[in-house]
Amino acid sequence: MQRCALKAAARLMAAGVTIYRPETCVIDADVEVAAGTVIEPFVQLLGTTRVGGKCLVRSFTVIENCTLGNNVLVRQSCVLTDSTVGDGAKIGPFSHLRPESEIGEDAHVGNFVETKKAKLGKGAKANHLTYLGDADVGEASNIGAGVITCNYDGVNKHRTQIGKGAFVGSDSTLVAPVSVGEGAYVGAGSCITRDVPAGSLAVSRSPQIIKEGWAETRRARQKKKE
């Protein structure tokens, strides 16, 4: 297998691909990579993967049966399976694209973000600690840290629709089936169970309660018990 991988690496390098430390990489025979792309050490390119020109695939990434456009950046330690990535997109580090993910041009899928049957439009961003399953995310939308699309009700999967230019605040949960309209805002920490109209703000939080002096009283009670 290692001999076959080195043969594939040699074929790609002869065609203008830069592969650092090719002996550390696993590259299947059917993989195609366009000229000008750089492959760092310890990368696996598997199955029928197609990588465009002038991409950078950084170390410890595994890409299987995927199609990547031109000028794509895949940062360290990503796993991509049966997915497509558009021109100029940025993935990772530590991103997981599960099957049938479609990442649009210039979109960002950042650290510890997982997608599954998700479509991100051009320029959409999900940069931190997010799960997007069975979701359509419109162009130029921003998905905050810790956002979850709750796609599974225990029996069936349901889709979440997020319109163009929407903003979903951090630590929000979107309970599918549900939609967030174009240009709408979801306040951080919200649990959204009803459709959000275009251009509106949805907030779902319990009121914050502050009890001044509570901590001192509690400590005093604990000392009495001791």
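Guide: Start at isoleucine 103. In this predicted model, Ile103 touches Thr84, Val85, Gly86, Ala89, Ile91, Leu97, Val109 and Leu120, leaving aside residues up to four places away in sequence. Two of these partners, Val85 and Ile91, return in the next step.

Step back to the core. The largest nonpolar core holds 49 residues. Ile103 is among the residues with the most contacts inside it, along with Ile27, Leu68, Leu80, Val85 and Ile91. Two elements give two or more residues to this core: helix H1 (2-14) and strand S27 (178-180). H1 supplies the largest share, three residues. The general background is simple: in soluble globular proteins, nonpolar side chains tend to be buried together.

Now the cysteines. A search of the whole structure turns up zero disulfides. Cysteine 25 counts as buried because its relative accessibility is 1%, and the cut-off for buried is under 20%. Cysteine 191 has a cysteine sulfur at 6.6 Å, in cysteine 150, but that is too far for a bond, because a disulfide needs sulfur atoms within 2.5 Å. At 37% relative accessibility, cysteine 191 counts as partly exposed.

Turn to charge. The structure holds seven salt bridges. One of them joins the side chains of arginine 21 and glutamate 23, at 2.7 Å from N to O. Arginine 21 is partly exposed, at 46% relative accessible area. Glutamate 23 is also partly exposed, at 42%.

Lysine 116 and aspartate 134 meet at 2.6 Å, N to O. This pair links distant parts of the chain, 18 residues apart. Lysine 116 sits in strand S17 (residues 114-116), and aspartate 134 lies in the loop between strand S20 (131-133) and strand S21 (135-137). Both lysine 116 and aspartate 134 are buried.

Strand S21 itself carries aspartate 136. Aspartate 136 bridges to arginine 159, with the closest N and O atoms 3.0 Å apart. Here the partners are 23 residues apart, and arginine 159 belongs to the loop between strand S23 (148-150) and strand S24 (160-162). Aspartate 136 is buried, at 16% relative accessible area. Arginine 159 is partly exposed, at 30%.

Lys116, Asp134, Asp136 and Arg159 are linked in a network of salt bridges.

Technical notes. Residues numbered from 1 in each chain as written. Predicted model: local features only at pLDDT ≥ 70, side-chain atom pairs only at ≥ 80, totals over all residues. Heavy atoms only, no water. Core = buried A, V, L, I, M, F, W, Y, C linked by side-chain atoms within 4.5 Å. Buried < 20%, exposed > 50% of the residue type's maximum accessible area, 1.4 Å probe, protein only. Helix = DSSP H or I, 4+ residues; strand = E, 2+ residues; numbered from the N terminus. Contact = heavy atoms within 4.5 Å. Salt bridge = Lys/Arg side-chain N within 4 Å of Asp/Glu carboxyl O.
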